[in-house]
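Please keep the sequence and the model in view while reading.

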Amino acid sequence: MSTVRTALVPAQEICAWLVQMGQRRGGMYGYDWLENAVGLDVHTTGEIREEWQHLAVGDRVVVAPEGWGPLPDGYSFRVAVVEPPRAPVLRQAPSGHPWNGVWSFHVVDAGEGHCRLLARSRTEVPASAGAHVADGSWSRSPSS
């Protein structure tokens, strides 16, 4: 899935919001009410926070906290690429996850203080993954 938006701000401003994504960080910039209705405890910030601006390859971006419902070990993406102000790329892969996917954000300068944000996600799900998550038989390794 791909989504493209034009922003009337410079690329570095968009990147500052992207690098602080995550649960117990800047939020997911989605529907907090929906995420919290299922117990994710997500709170989207309305500001750029310096303590969340330092994202490095290998860091975890948490989406679901440990102890959450069907995923008792929580759920997160590993940072695969960080190239401010152009692209944070997040990765999930076996054995740490039951599916194999990439969630990438590409910020492209469009001139005159504007930019374009391209968000892409692609996931490969083995047929048995849903059953393992649903019955709790899937568990993540501590290093994921």
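Rings of Phe, Tyr and Trp (for Trp, its six-membered ring) form a pair if their centres lie within 6.5 Å; planes under 30 degrees apart count as stacked, over 60 as edge-to-face, and the rest as tilted. Ring pairs of this kind join Tyr75, Phe77, Trp103 and Phe105 into a cluster. The model is a predicted one, in which local features need pLDDT of at least 70 and side-chain atom pairs count only at pLDDT 80 or more, while totals for chains, interfaces and linings use all residues. Residues are numbered from 1 along each chain as its sequence is written, and side-chain values use heavy atoms, with hydrogens and water left out.

The overall plan of the chain comes next. Helices (H or I, at least four residues) and strands (E, at least two) are DSSP runs, numbered from the N terminus. The protein chain has 3 helices and 6 strands, and from the N terminus on its elements follow the order β-α-α-β-β-β-β-β-α. A residue is called buried at under 20% relative accessible area, exposed at over 50%, and partly exposed in between (1.4 Å probe, protein chains only). Of the 144 residues of the protein chain, 38% count as buried.

The aromatic pairs can now be taken up again. Their count comes to 5. Trp17 and Tyr29 have ring centres 5.9 Å apart and planes at 80°, so this pair is edge-to-face. Trp17 belongs to helix 1 (residues 11-18) and Tyr29 to the loop between helix 1 and helix 2, so the pair ties together parts that are 12 residues apart in sequence. Trp17 is partly exposed, because its relative accessibility is 26%; Tyr29 is likewise partly exposed, with a relative accessible area of 29%. Within the cluster described above, Phe77 and Trp103 form a tilted pair, with 5.3 Å from centre to centre and 50° between the planes. Phe77 lies in strand 3 (residues 75-83) and Trp103 in strand 5 (residues 100-111), so this contact ties together parts that are 26 residues apart in sequence. Phe77 is buried, at 9% relative accessibility, whereas Trp103 is partly exposed, with a relative accessible area of 22%.

Another ring takes part in a contact with a charge. A charge sits over a ring if NZ of Lys or CZ of Arg is within 6 Å of the ring centre and within 35 degrees of the ring normal. Arg49 lies over the face of Trp52 in this way, at 4.2 Å from the ring centre.

How many disulfides does the structure hold? A disulfide is a covalent bond between the sulfur atoms of two cysteines; here the term is applied to a pair of cysteine sulfur atoms within 2.5 Å. The structure holds 0 disulfides. The closest cysteine sulfur to that of Cys15 is in Cys115, 9.9 Å away, which is too far for a bond. Cys15 is buried, at 5% relative accessibility, and Cys115 is buried as well, with a relative accessible area of 0%.

The backbone also deserves attention. Most residues other than glycine have a negative phi, and most peptide bonds are trans. The peptide bond from Pro84 to Pro85 is cis, with omega near 0°, and Pro85 lies in the loop between strand 3 and strand 4 (87-92). Arg24 is not a glycine, yet has a positive phi of about 65°. This residue, Arg24, is found in the loop between helix 1 and helix 2 and is exposed, at 63% relative accessibility. Asp41, in the loop between helix 2 and strand 2 (60-64), has a positive phi near 55°. Asp41 is partly exposed, with a relative accessible area of 36%.

Strand 4 contains Val89, which is buried at 14% relative accessibility. Val89 and Ser104 are 15 residues apart in sequence, and their C-alpha atoms are 4.2 Å apart in space.

The account ends at the surface, with Trp33. Trp33 is part of helix 2 (residues 32-37) and is exposed, with a relative accessible area of 62%.
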